[in-house]
Amino acid sequence: MREYVMALDQGTTSSRCIIFDKKGKIISKEQKEFEQIYPSPGWIEHNPMEIWSSQLGVAMEALLKAGLSYRDIDSIGITNQRETTIIWNKETGLPIYNAIVWQCRRTAPIIEKLIKDGYKDYVIKTTGLIPDAYFSASKIAWILDNVANARELANEGKLIFGTVDSWLVWNLTKGRVHVTDYTNASRTMLYDIHKLDWDDKLLEYFNIPRSMLPEVKPSSCLFGYSDTTVLGGEVPICGIAGDQQAALFGQCCFEEGEAKNTYGTGCFLLLNTGNKAIESKHGLVTTIAASLDKNDINYALEGSVFIAGASIQWLRDGLRMLKNASQSEDYTKSISDTEGVYFVPAFTGLGAPYWDPYARGTIVGLTRGCKKEHFIRATLEAIDYQVYDVLAAMKEDACCDLVSLKVDGGACANNFLMQFEADILNVEVHRPSCIETTALGAAYLAGLCTKYWKNKEDIKNNWELSKNFIPNMTCTEREKLLKGWKRAVKCARAWGEDDE
């Protein structure tokens, strides 16, 4: 009997595999970090072959660790870093260039031209997205324009594009299946989220042949089977969702008005808006949520913070202030505040609600008394301030107040971070027992397709609260702190302004 579901969680800094049982409990988990490539300032790449090899490696290790084989796996769910762009030759199966990561800002000039050409409103109304280098379209165009013979090969039908989910499915099936799901397609800036089809006008603008694009399906359906040479036998691939939509599903935010925030490399706040695609007026994007049926599409408002957990990683690896990420909480608790120090981690510009690709990381409020502890605390607080900015915009767009927020992702294990979040947002923050909700969402999507889980109610019974964080800050203190944060953001954005 196939008793477990495998989730492949391909993230920005690591590949993971988690095997779940029917109660949503983790049976086995393996993780491997991979190289981050920085060819130029603001440019970020990954080696697609390393993405695949690391993902396959942790899948095999997770099976071996639990004493399992493919025969024990009901189905596979995939969740992935979104927008990251890979183009490969479908005849050789080899990428023609490194994956251009969602954080990469190299294509900002392409987006500036798009806006000057009058496409901004069209992009927003058609794709739900704000024109930005963050999304896949300009990355595809850049590769086709800058890799030798790429345009010719694309026009001959020999090249295909995919976000990371498509790349994994292609390799799992040994090139038999080229597919994606609605959630990932909706992040390319090429997909009409209302008509559920690739948009010919945008394809023409970026000069991208439709033949390069994957087939788009609901997040929970049969996408294909793993090749016998990959895992030892065939296993159905039945779930795909971009990491943030997978987390929304894993948190059981199935109803309109329910929200979650994921603390990963970046930080992503999503609000389920049901069957309504709400057009943001305050710097958010409209995206497709994980949906089980093409005739019942759910949407979400999303605010994307580019740098969250990555700033803690930077403290550890770049500045060597920490030996491990968990130390940040200990340092932070040793002081009562930052003594007026603010850090804006705009390493790759600012995301929602600012969408400023030229802002840069900025430290303000330094005095002679500033110590390492103050700097570390300012870094953690910056994550929560950025979430505040997104939530404030979300309240305006959705015309409602959020009374609670579900959280997940590795950094939400930090109790200081979660308490400060509750304080600065002035809402209750709920942390579940299983914070691996991104992988869990992918598993749920796969298992619903195969009837491993009967329905959404079956899944809701698995959700358990681990800790509830209650706001405990005066309005006066909150307003004072936020005023300082807004001044710091102005300084970070001033870096990108033209000189007089």
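This is a predicted model: local features need pLDDT of at least 70, side-chain atom pairs count only at pLDDT 80 or more; totals for chains, interfaces and linings use all residues.
Colleague: Why is it called a pocket, not a cavity?

Modeller: A pocket is an open set of points on a 1 Å grid over the protein atoms alone, with protein on both sides within 12 Å along at least five of seven lines; in a cavity a 1.4 Å probe fits but cannot get out. The second largest pocket holds about 460 Å³. Of its 41 lining residues, Thr13, Tyr263, Gly264, Thr265 and Gly410 are the closest to its centre.

Colleague: Which element gives the most to the lining of the largest pocket?

Modeller: Helix H11 (309-317), a DSSP run of H or I with at least four residues, supplies five. H11 also gives the most to the lining of the second largest pocket, with four.

Colleague: How many residues of the largest pocket's lining are nonpolar, polar and charged?

Modeller: Eleven are nonpolar, 20 polar and ten charged. Asp, Glu, Lys and Arg count as charged; Ala, Val, Leu, Ile, Met, Phe, Trp, Tyr, Cys and Pro as nonpolar; the others, Gly among them, as polar.

Colleague: What makes S13 and S14 a pair?

Modeller: Pairing takes at least two DSSP bridges between strands (E runs of at least two residues). Three bridges join S13 to S14, residues 236-242, and the two run antiparallel. Gly224 stands opposite Ile237 in S14. The open sheet has six strands in the order S3-S2-S1-S5-S14-S13, with mixed pairing. S3 and S13 (220-225) are edge strands, each pairing on one side only.

Colleague: Why is Tyr444 called buried?

Modeller: Its relative accessible area is 1%. Buried means under 20%, exposed over 50%, partly exposed in between (1.4 Å probe, protein chains only), so Tyr444 qualifies as buried.

Colleague: What is Tyr444 in contact with, beyond its neighbours within four places in sequence?

Modeller: Gly24, Phe249, Gly250, Trp453, Ile459 and Asn462. Contact means heavy atoms within 4.5 Å. Tyr444 sits in helix H15. Its C-alpha lies 8.3 Å from that of Val5, 439 residues apart along the chain.

Key
Residues are numbered from 1 along each chain as its sequence is written. Side-chain values use heavy atoms; hydrogens and water are left out. On a 1 Å grid over the protein atoms alone, a cavity is a set of points where a 1.4 Å probe fits but cannot get out, and a pocket is an open set with protein on both sides within 12 Å along at least five of seven lines; lining residues have an atom within 4 Å of a point. Grid points are joined across faces, edges and corners, and a volume is the space filled by probe spheres set on the points.
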